[in-house]
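User: Please go through this model with me, one short exchange at a time.
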Amino acid sequence: MQTPIPLSLYDLTREQMAHQLAEWGEPTFRAQQIWRWLYQRLVGSIDEMTDLPRPLRDRLKQTYALGRLTIVTEQHSSDGWTRKWLFRLADGSEIETVLMEYDGLRRTACVSSQAGCAMDCSFCATGQMGFLRNLRSGEIVEQALWVARALRTKANSHERLSNLVLMGMGEPFANYNNIMEAAQRLMAPEDEGGFSLGARKITISTVGLVPGIRRFAEEAAQINLAVSLHAATDALRDQLVPINRRYPLRELVAATRDYLRKTNRRVSYEWALIDGVNDTVEQARALVELVRQTNPRASVNLVHVNLIPLNPTGGYAGHASRRARIQQFRDVLTQAGIPNTLRIRRGIDISAGCGQLKAETAQAGPEKQTSE
Ligand code: SAH
């Protein structure tokens with residue numbers, strides 16, 4: 001029997017917090033005070049909530065953990081633009097979170113939605129490790145706030161977290177309620193003491209769980225959607241992304257099309273370019289066809305293709321496509337009028353690149369810190 005893990009303050013919705021405080025006989029303004037400490041001042045402990053009476057702080061500490069992430073390692077990429085944290089959760093499972101900094105003000109946290117992943121995509125390190133469990137909403141929220149705090153405390157800067165992508169470990173739509181709750185909580189407005197991250201600054205990436213896409217189309221929040229395609233024929237996608245056997249391309253494209261029709265928002269198709277596997281002209285042409293089928297109206301293109309050369313992972317023998325092949329692939333898309341971008345690979349040297357997130361504690365060693 002596992003001992004139940006105590007709730008953390010980040011697991012609570014605003015209503016739950018208010019309800020708890022009312023139960024304890026606290027005045028209603030306390031909820032807002034605590035919310036500010038959590039989501040705006042980004043405290044590291046309940047004791048830092050200095051405008052709360054001592055007995056209330058004690059009661060909070062007895063009932064809740066502040067958070068549940070314990071840092072195991074922090075790594076910095078050699079170019080200084082990417083940082084990765086390995087966290088241990090209260091039940092011992094481990095997850096990774098990445099910060100990507102860009103020129104200008106864009107500061108993006110890439111957070112995990114599950115410990116491990118059940119989708120088993122052949123080229124993805126998380127897929128190779130298997131599934132452990134869904135993260136709670138608070139564990140997702142806390143990753144984002146951790147990154148926000150790291151930015152704030154950076155030497156001589158008061159940088160803000162500007163973007164959030166659910167592209168870390170796990171399949172977000174396999175943990176639908178918790179990821180949406182986490183997003184909502186991070187979107188709470190500033191005047192309510194919230195973190196006030198804009199919906200348009202959040203992107204959820206799915207392997208292509210059709211029921212999730214259909215449900216997501218009904219959400220009011222204008223959160224962005226990315227669909228990991230990687231292959232434009234069922235024969236190839238069955239191999240790379242096995243969930244394709246359950247939700248084949250025809251159904252995936254239909255769901256994405258319905259999402260676009262309903263929301264009129266843009267969607268991106270993600271494509272990891274693998275040498276000699278999915279970087280052929282035939283695949284590019286088939287992708288053009290799929291993009292056309294996805295757009296609900298011929299006159300407006302709402303689909304963007306995001307290409308990324310494959311990142312190396314231990315359990316997969318494929319290599320990143322070579323430059324000439326990438327160019328050839330892109331030319332097919334561009335000539336067909338399909339907007340596409342080639343993402344630069346980031347944080348490869350610290351295994352913080354797309355699909356590389358996997359807990360390798362033994363290798364990294366405990367409490368390893370790189371100098372700032
Ligand atoms: N489960 C979600 C989030 C996964 S990670 C999804 O499938 O979308 C985010 C992106 O990284 C996905 O597009 C995923 O397919 C991609 N990815 C996984 N392994 C990769 C690798 N080794 N190289 C490049 N991209 C990879």
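User: Which helices are among those that cover the buried residues of H2?

Analyst: This is a predicted model, in which local features need pLDDT of at least 70 and side-chain atom pairs count only at pLDDT 80 or more, while totals for chains, interfaces and linings use all residues. Residues are numbered from 1 along each chain as its sequence is written, and side-chain values use heavy atoms, with hydrogens and water left out. Helices (H or I, at least four residues) and strands (E, at least two) are DSSP runs numbered from the N terminus, and contact means heavy atoms within 4.5 Å. The cover of the buried residues of H2 includes helix H1 (14-23), helix H3 (54-63), helix H5 (137-152) and helix H6 (176-187).

User: How many of the 11 residues of helix H2 are buried?

Analyst: Buried means under 20% relative accessible area, exposed over 50%, and partly exposed in between (1.4 Å probe, protein chains only). In H2, the buried residues are Arg 30, Ala 31, Gln 33, Ile 34, Trp 35, Trp 37, Leu 38 and Tyr 39. Helix H2 (residues 29-39) is largely enclosed by the rest of the structure, because the number of its residues that are buried is eight.

User: Is Thr 256 buried or exposed?

Analyst: Thr 256 belongs to helix H9 (residues 249-263). Beyond its neighbours within four places in sequence, Thr 256 contacts Ile 213, Val 227, Val 267, Tyr 269 and Thr 294. Its relative accessible area is 0%, so Thr 256 is buried.

User: Which polar backbone atom lies 3.4 Å from an oxygen atom of the ligand?

Analyst: A polar contact is a pair of N or O atoms within 3.5 Å; within protein, one must be able to donate a hydrogen and the other to accept it, and residues adjacent in sequence count only if both atoms are side-chain atoms. For the oxygen atom of the ligand at 3.4 Å, the polar backbone atom is that of Thr 206.

User: Where is Asp 120, which has a positive phi although it is not a glycine?

Analyst: The phi of Asp 120 is about 65 degrees. With a relative accessible area of 47%, Asp 120 is partly exposed. Asp 120 is in the loop between strand S5 (114-116) and helix H4 (125-129).

User: What is the relative accessibility of Ser 351?

Analyst: Ser 351 is not a glycine, yet has a positive phi of about 50 degrees. The loop between strand S12 (340-342) and helix H12 (361-364) holds Ser 351. Ser 351 counts as partly exposed because its relative accessibility is 23%.
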